[in-house]
Amino acid sequence: MSDDPFEAIKVTFFQECEELLGDLETNLLALESGDTDIETINACFRAVHSVKGGAGAFGLEDLVRFAHVFETLMDELRSGRKPVDDITVRTLLRASDVLNDHVSAARGAGPAVDAERSQALIAELETLTHGAPVSAAPGAGTASAGEDDFGFTPLTLALDDLGGGELPPLDLPPLAFIAPYAPANQEQTGWKIVFRPHPRLYANANETGLLIRELGRLGPVTVEMDDSGVPLLDALEPNDSHLVWTMTLDAAVPEIDVRDVFDFVETDCDLNITPIMSGAAEVLPDLGLPDIGLPELGVSDLADPLELPAADASAGEVDIAALVALAQADTAARLNGEAPPLEVVSPAPQPQAAPVAARTPPAAAASQGAATQAPVTIRVDLERVDRLINAVGELVIQQAMLAQRVYESGLARSSDISLGLEDLELLTREIQDSVMAIRAQPVKSVFQRMPRLVREVADMTGKRVKLITAGEDTEVDKTVVERLAEPITHMLRNAIDHGLETPQEREAAGKPAEGTVKLAALHRSGRIVIEISDDGKGINRQRVRAIAEERGLITPEQVLTDDEVDNLIFLPGFSTAKEITDVSGRGVGMDVVRRSIQSLGGRISISSNPGKGSTFSMSLPLTLAVLDGMVVGAADQTLVAPLAAIVESLTPKPEDIHLVGGVDPVLMFRDEFVPLIDVARSMGFRDVPTELRGGVVMIVETEAGQRAGLLVDAIHGQRQVVIKSLETNYRHVEGVAAATILGDGRVALILDIDALVTTGRRRNSTRSDLKMAS
Amino acid sequence: MTQVTPNVAGTDRELIAFRIGEQEFCVDIMSVREIRGWTPATPLPRSPAYMKGVINLRGTVLPIIDLGARFGLQTGEPTERHVIMVAHVGSRLVGLLVDAVSDIVQLTDASIQPTPDVASESVKAFVKGIFAVEGGRMISLIDLEHVLPAEAEAEAA
């Protein structure tokens, strides 16, 4: 992170944009599915508004302009002036995509926004808002079109000055309060705002004075303060709020602009905004109010500063420098704090503190969290968590080593040391679980990106698609979450491009024109399962077979079950698209998807029902840091087999073992012959074959569903092991997935079951080839 | 401790010298992180003979290279008297199995002579140059960049 506080805040702003945009999308989708609850609409509004607010502070004009139009329409919706209908929601969804693009572009993480697309959407949004596009000048992305209805004047940050004591004069005209102002509207001349702050408003570092000043930018303001609620000194609770402010704004600005001023405090106060009609002008008796200069703002309105609650008193003493500082801190707070669940809420931010370190609590965060008391959370650098996880991994190993040493020293099981060690083991395990839980994240962050993808792919292919997601809250390790996006993206594309039919085809087949793609996540036996199903045409097995034969992947004589045919699409060099489409035929096939999933220790399969659709399902470990393994012995080595791959273990009966062609052993397992792989020999630990009859066999299943028997000397037991990469300091070794450190402090290799089984097969086949040749 | 006779005034490098059989080699001391005794390694399948396997270095999986075997010299099974020099090779950390660490020497680059043609090809591939120290000893300066097996080599082995 940069040392420049401004840059640091910007980074935070973009992080929060990401979350806000995610929320926006979620809520828009809720709207789309018919949830027109006012809270949902408000949430959308707030998200856009917060993005706009932050963007304004950084002078990101394009982003602000777009967000503003977006926000205006949202405001129409939330005020109920405009009904929430399908067209609007769909436009909003597309607008949220463009908003996303704007944010990426501003961040420098994405290409420049397609100005035409952006302008077109602005026009669409405006048409929905006003019945006709307001902004002229299409094509001119930075044109001043619509500037006039820009009720938004961002306070630009000047953080360089935050650290020092001396602050430059505020670049605001204090005269704005008394500047003559010509009402533009004959009917409505202004707004009357009754504002009763709650104590929490002050706790969240907001100031009535600042709000009044903000309001003063919209036009001349008259402020009346009602201190009748202030109790006598002996009854005074200094942290309470007793004052009621009545502000009269003599300007016929749009209501949204007025609400904007109070947006961040909305839930921390009683707010009553009523329009003043021209006939009611007498409520503005003293337009030329002489003394409301900014510095005296608080003081002149306060009857007696001594009687003020403590929180208010600070407002009474502010000088201009402090006001600037507060305003900056407040803006910084807004930038920092829009995302509710990830902030440490500290009660009183210090304006002088470095903004990022201070993590100033935002009013809006509190207001968003107010409805559903969000749990208090903190943001932590991932690296720190990783360090902790590594250290705990070492702790687990050390604990196991210690236990083994004590055991070897011959101490009785009931000795104090042994009992203490058992407690230590429990504790260690608990720490490990808790630490792993820190990294666990809901798959939501990945799922949220998918509706956009689906919309785009649907547009490109001319298909109509509805995406249903389920199980977004399913948690997996962060590293897994991050690496889910690519395979899911690919499979979704595939499902829409290849799985779903065109609306005409669908109707002809008696299905609804709109296809459905379902994306679901669930936990199943210690793994996460992601299912992507469509109600399309299913896999055309004849075609798959024909292609596989044509590419030489199978021979025409080979008899395959339906399932086996379906799974041919995962073979390298297989792509069913007749021509390479823009959507899914980008040179990567399902084999790449399968490989990337396998590299995560996962497996993928497909089941298809002709005419009804297909379901891809992939299962992945919940974490890449630990693995449930079976510790086995082969030759004099200790190895770990991933438990997930093991179907069963058994002691083979001599009569169940047969030699195919007199050489290759196979094992009769449940009426099925499975190849028997001698692990010690396959790994090169032993030259002579393992005594078949003395060993133990683990029946394993590969990702592709092939079964094989792994012959080992002994099974030592089941254990959770910490995965250590071999690649860090060495390189990939065939047949080895990774390494781990066992209780005796030695390194044990984790078997790569798939590689073992395929090499075993390959070896068998080369050998039989040789025999045939001789 | 023997002193190198520098050809040019001033010292440029500090090197750590070690023995393999009768020969002496050295590497830049900055690339060596620690020196520890031999502990049995876990063998890796399908690896070249000079890959002794991996050991646990306080939680790090450390590959062990038998330097002598890597140079094509005759080596026996490692004993407790052998040592492992833990060294940085590029971004990796590897353990180099040698007979013993013998010396720390200082010399300038100018005193290094090119490897004479008499050396065997396998040694020459890893030796950047040789130099003489007092007592008529000759030390070869090792280039660690190539001690790890190349991709193709490891696959073939």
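**View 1. S619(A) sits in strand 11 of chain A, a predicted model.** Strand 11 spans residues 613-621. Strands (E, at least two residues) and helices (H or I, at least four) are DSSP runs, numbered from the N terminus. S619(A) is buried, with a relative accessible area of 13%. Buried means under 20% relative accessible area, exposed means over 50%, and partly exposed lies in between (1.4 Å probe, protein chains only). Contact means heavy atoms within 4.5 Å. Leaving aside neighbours within four places in sequence, S619(A) is in contact with R527(A), I528(A), V529(A), G602(A) and R603(A).

**View 2. Helix 20 of chain A has buried residues.** The helix covers residues 541-550. R541(A), V544(A), R545(A), I547(A) and A548(A) are buried here. Seen down the axis of helix 20 of chain A, these buried residues fall within an arc of 165°, so they line one face of the helix. The arc is that of the directions from the helix axis to the C-beta atoms. An α-helix has 3.6 residues a turn, so residues three or four places apart point the same way. On the other side of helix 20 of chain A, Q542(A) and E550(A) are exposed.

View 3. Just after helix 20 of chain A comes G552(A), with a positive phi of about 75°.

**View 4. Chain A meets chain B.** The contact takes 23 residues from chain A and 27 residues from chain B. N729(A), Y730(A) and R731(A) supply 37% of the area that chain A buries against chain B, more than any other three residues. The area buried between the two chains is about 2,100 Å². Carbon and sulfur atoms give 53% of that area. Buried area is the accessible area (1.4 Å probe) that two parts lose on being put together, summed over both.

**View 5. Strands of chain A at the contact with chain B.** Strand 21 (736-741) and strand 22 (747-751) of chain A each supply at least two residues of the side that touches chain B. Strand 21 of chain A gives the most, with 3 residues.

**Notes.** Residues are numbered from 1 along each chain as its sequence is written, and chains are lettered from A and ligands numbered from 1 in the order in which they are written. In this predicted model, local features need pLDDT of at least 70, side-chain atom pairs count only at pLDDT 80 or more, and totals for chains, interfaces and linings use all residues, while side-chain values use heavy atoms, with hydrogens and water left out.
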